[in-house]
Amino acid sequence: MQQQVKKEGVSQAFTGRRNFLKLSGLTLAGTGLLLAGCSDDDDTTPTADNLPGVRNGKFDLGGGDFGVLTYAYALEQLEADFYTRVVGSAGFASFSEEARDILSDIHKHEVIHREFFKSTLNSLLPSANVLPALEFAYAGVNFDSESSVLATAAVLEDTGVAAYNGGGQYIADSAYLVIAGQIVSVEARHASAIRDLINPGSTDFANTADANGLDPAKNPSEIISAVSSLGLITTPFTATFLP
Amino acid sequence: MNLIKFLESFTDDKLYTSGTSRRDSFSQFGTIGKGLALASVPFGLSALANKSFAADIQPTPATAAGALQLALTLEYLESAFYANGVDSGIIPAEDQAAINLIANHEADHVSFLSSAMTAAGVALPPVPTFDWSGGLGLTPFEDYEQFLAVAQGFEDTGVRAYKGQAGFLMGTPYLTPALQIHSVEARHASLIRRLRGQKGWITGSDRGGLPAEFQIIYDGEQSTTLGAGQFDAAAQSEAYDEVISTQTAVDIANVFIA
């Protein structure tokens, strides 16, 4: 009986992925690259054993491509929630015009990213396997203070860049890799703008790169531990299938 | 005869040897340039070379090696461009820290990719001969506004090109470094765009006042597919950068290759 349930979960996931490809318009690409990615994917599609879902009372992000997508969804939830609070704060009107312009744009981008992962994962997986809305707390952030908001925004954007840079290698389906790439460069544009806003005319916009000119890339476990140490995500979750 | 091969054999080892750092090469050119009219010898051998050869680069194969070769050629372009810009003296004091950092990063990318490719036994593409006028009469090393405009075009192209090559690097040790370069290029793009009074991100397919010939860099960026249903088309297009094909990346680069 349990076997049957598992099988059903997998086949739903399969159908969902095809739908997703249609949804995202990527089937139009029709390149050898994409086709190669799809056939590879058939070998590495996550099994029911590592699907995202509740284990031991906590939601586990899962493994394989669904795990990486769910992990990205968690991070986008955090960013979207943060900027929603920023633009809704009483003090926002007192921020500089440039800061308001930049933060308002970023708010929209991050909500768009969150909603993309939400609808994509819901099209790929049964609802029990989709990460629920997480809850957040911002004990150290003064949302009425431009400097406090910008400092937190810089951490979140840099974290997002390092997370996507390090997560890309764990994606098996090239269509998802491309989407992750489409998002990470926008996160990096954000990081650059926020860092420059904090310290204009400096090298801060890109001095994150090492001696080879490479930005940080971090594994999910490093990112999750860093985010946990900030105490921003209050909903407990696990990531036992991600490196 | 294969044009690239021919150019390789033509190339003066002393000037183009991979053992010489890019910075050293550019200082050499800078020294030559100072003794002559900069406009007539914009870049080293070009006065000699571009009369004889149409040296356009060709699309690289859809393989990991091809992706690295395209990446290195684009980094040659960016690195040479910023090195010339730094040497030109036109960069205002308040922007020098930023432009110097970008110049250093692009030189770092050339070194890093060259080393990685050599270690992997991947042939290094020859350094093209550049035509910074873009065939449009541009003078980016005399006019800072033009310098920033061309820089924006290069950075936004780099972001799209790396993204377009990522699939070819899947399953290789070069995917992650390529992504790490990709995000640095995006940081550069954002800064350069903001120095020009643009948003750090691309709205629709707006080329931001660049010459119409540069529209190819922004075509396709207006996609709203992944952001459908949220806010407005402007925000939906900004929230995602788009890929460009190998052919488009090559076409853009060839605008600045003699």
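User: What makes up the secondary structure of chain B, and how many helices and strands does the chain have?

Analyst: In this predicted model, chain B has 11 helices and zero strands, where helices are DSSP runs of H or I with at least four residues and strands are runs of E with at least two, numbered from the N terminus. The order of elements from the N terminus is accordingly α-α-α-α-α-α-α-α-α-α-α. Residues are numbered from 1 along each chain as written, with chains lettered from A and ligands numbered from 1 in the order of writing. Local features need pLDDT of at least 70 and side-chain atom pairs 80 or more, while totals for chains, interfaces and linings use all residues, and side-chain values use heavy atoms, without hydrogens and water.

User: Why is A:Arg195 called buried?

Analyst: The relative accessibility of A:Arg195 is 17%, so the residue counts as buried, the cut-offs being under 20% for buried, over 50% for exposed and partly exposed in between (1.4 Å probe, protein chains only). A:Arg195 sits in helix 6 (residues 174-198) of chain A.

User: Which residues does A:Arg195 touch, leaving out those up to four places away in sequence?

Analyst: Contact means heavy atoms within 4.5 Å, and beyond four places in sequence A:Arg195 touches A:Ala154, A:Asp158, A:Asp204, A:Phe205, A:Asn207, A:Thr208 and, from the other chain, B:Arg187. A polar atom of the A:Arg195 side chain also lies 2.7 Å from the backbone oxygen of A:Asp204.

User: What makes the pair A:Asp105 and B:Lys199 a salt bridge?

Analyst: The rule asks for a side-chain nitrogen of Lys or Arg within 4 Å of a carboxyl oxygen of Asp or Glu, and the N to O distance between these two side chains is 2.9 Å, so the pair meets it. Across the interface of chain B and chain A the rule finds seven salt bridges. On the chain B side, the elements giving two or more residues are helix 6 (93-120), helix 7 (144-165), helix 8 (175-195) and helix 10 (233-238), with helix 8 providing the largest share, 17 residues.

User: How do you know that the two chains are in contact, and how many residues take part?

Analyst: By the contact rule, 51 residues of chain B are in contact with 60 residues of chain A. The two chains bury about 4,300 Å² between them, with 64% on carbon and sulfur atoms; this is the accessible area (1.4 Å probe) lost on being put together, summed over both.

Note on methods: A polar contact is a pair of N or O atoms within 3.5 Å; within protein, one must be able to donate a hydrogen and the other to accept it, and residues adjacent in sequence count only if both atoms are side-chain atoms.
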